[in-house]
Amino acid sequence: MKNHYDVIVVGIGAMGSATCYHLASRGAKVLGLERFDLPHAQGSSHGYSRHTKTAVYVDTPYEPFIGRSFELWRLLEGETGQQILVTTGYLRMANSGTWDHLRGKVRHEVLTADEVTYRYPQFTLPDDYHGLYDPNGGLLRPELAIATHIIQALRSGAEIRGRKAVTGWKETSNCVEVETEHGRYSADQVVFTGGAWTDRLIAGLGIRLTVSRQPLAWVWPARNAVSFDVGSLPIWQIPAPEENGEYYGFPMMPDHPGFKLALHTYGETSDPEHLDRDARPEDEEEVRRCLRRYIPDADGPLMAMRICMYTSTEDYIPVLDRHPAHDRVTVGCGFSGSGFKFSCAFGEWLAETALEQPNTIDNETFRFERLLKSATTA
């Protein structure tokens with residue numbers, strides 16, 4: 001077939017753009033296909049800022065990936081001159097939990113409620129709360145990160161095409177054929193990183209992905225707005241007991257007006273084709289409860305609301321693996337609202353796997369096997 005590649009990547013969001021970048025940097029002939037614009041706001045990788053931190057991933061399967069992600073973000077910045085990762089520190093506030101296991105492993109501070117409010121008077125905390133401060137934490141700029149990965153992949157010879165929906169595919173004895181509305185392509189390997197649209201690919205395995213609607217809000221602080229600027233405030237997280245989740249937010253950045261915050265929970269489910277992308281009054285009230293309770297100075301006029309989505313596996317752990325039924329297919333999916341920070345390292349792993357190269361990071365946890373066992377039992 002004339003249009004033949006080493007690897008085709010389907011879905012060019014956070015994971016797909018990083019995968020294209022790592023494939024192209026290794027000299028592979030790459031085609032990236034995205035049904036929407038590049039970048040776009042239809043999935044899970046928009047909204048101008050995303051959390052990253054290290055302390056909460058110590059002693060978990062994510063630990064090597066978060067360390068590698070910090071390395072790769074800085075390497076990408078050095079390669080391009082773009083500021084993708086802005087170090088702000090990360091502050092997690094709660095009335096329970098212990099951080100003794102972090103001693104000697106990663107820099108951090110444990111603060112009393114008084115110490116938190118002395119250092120960051122923007123917050124109003126109950127006396128029984130405490131804070132974990134991770135100085136390595138910061139915010140990632142998702143649209144810029146995706147664009148930078150795409151641009152660098154293109155400059156390394158990749159072909160990447162927006163508004164190119166995949167309508168079908170099949171694996172043959174010597175390649176994978178991918179159909180679009182505008183033509184057919186083939187490759188030695190295919191990587192699927194289609195986010196919420198990956199569900200159809202793995203449905204035959206008995207594995208289900210759940211898509212949940214996630215509102216994001218920006219408000220202009222009612223008082224002391226300068227104290228919410230980047231440089232004055234870390235990224236943060238705090239319990240939302242009434243909502244069965246946690247609120248999280250960011251300092252204000254110059255590329256979007258307002259103080260951004262949202263609720264991290266797995267709420268209203270939908271599917272990507274019918275997700276309600278219009279903000280509702282109850283979406284605003286959801287974040288207003290956080291502002292009134294914990295951050296009253298920020299409880300000012302609404303600037304914007306946008307709708308994102310989480311795509312989750314049944315155990316809220318992602319999948320990075322070859323497809324069990326297709327030797328030429330690799331899948332990255334189910335990142336459950338926490339994947340962006342890892343995307344450069346996950347993309348590296350997917351690229352290495354597709355090219356049958358040794359993996360920089362061992363991966364035994366994020367495999368299909370655990371979900372297949374669960375599906376068989378069910």
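Reply: A polar contact is a pair of N or O atoms within 3.5 Å; within protein, one of the two must be able to donate a hydrogen and the other to accept it. The model shown here is predicted.

Start with E246, which is found in strand β15, residues 245–249. Its side chain and that of R92 are joined by a polar contact of 3.0 Å. A second polar contact, of 2.4 Å, runs from the side chain of E246 to the side chain of Q237. Is E246 buried or exposed? Buried means under 20% relative accessible area, and E246 has 15%, so E246 counts as buried. Leaving out residues up to four places away in sequence, E246 touches R92, Q237, I238, P239, A240, A262, L263 and H264.

Next, the nonpolar interior. In soluble globular proteins, nonpolar side chains tend to be buried together. In this model the largest nonpolar core has 62 residues, and the members that touch the most others are V9, F65, W73, L320 and F346. Helix α7, residues 343–354, supplies the largest share of this core, with seven residues. Another core lies apart from it and has 30 residues, including L111, F259, Y294 and A298.

Not counting residues up to four places away in sequence, V9 touches G16, T19, C20, L23, V30, L31, G32, L33, V191 and T193.

I150 is a further buried residue, with a relative accessible area of 7%. Its place is in helix α4, residues 142–155. With the same exclusion of residues up to four places away, I150 touches I12, S17, L38 and I160. I12 and I150 are 138 residues apart along the chain, yet 8.4 Å separates their C-alpha atoms.

Now the aromatic rings. The structure holds 22 aromatic pairs. One of them joins Y120 and Y133, with 6.5 Å between the ring centres and 35° between the planes, which makes the pair tilted. Y120 belongs to the loop between α3 (113–119) and β7 (130–134), while Y133 is in strand β7, and the two are 13 residues apart. Y120 and Y133 are both buried. The ring of Y133 also has the charged end of R119 over it, 5.6 Å from the ring centre. Elsewhere, ring pairs link Y57, Y62, F65, F335, F342, F346 and F366 into a cluster. F65 and F346 were named above among the core members with the most contacts to other members.

Last, the cysteines. How many disulfides does a search of the whole structure find? The search finds zero. C290 is in no disulfide, and the nearest cysteine sulfur, that of C308, is 18 Å away. C290 has 0% relative accessibility and so counts as buried. For C344, the closest cysteine sulfur is in C20, 15 Å away, which is too far for a bond. At 1% relative accessibility, C344 is buried as well.

Technical notes. Residues are numbered from 1 along each chain as its sequence is written. This is a predicted model: local features need pLDDT of at least 70, side-chain atom pairs count only at pLDDT 80 or more; totals for chains, interfaces and linings use all residues. Side-chain values use heavy atoms; hydrogens and water are left out. A nonpolar core is a set of buried Ala, Val, Leu, Ile, Met, Phe, Trp, Tyr and Cys residues joined through side-chain atoms within 4.5 Å. Buried means under 20% relative accessible area, exposed over 50%, partly exposed in between (1.4 Å probe, protein chains only). Helices (H or I, at least four residues) and strands (E, at least two) are DSSP runs, numbered from the N terminus. Contact means heavy atoms within 4.5 Å. Rings of Phe, Tyr and Trp (its six-membered ring) pair if their centres lie within 6.5 Å; planes under 30 degrees apart count as stacked, over 60 as edge-to-face and the rest as tilted. A charge sits over a ring if NZ of Lys or CZ of Arg is within 6 Å of the ring centre and within 35 degrees of the ring normal. A disulfide is a pair of cysteine sulfur atoms within 2.5 Å.
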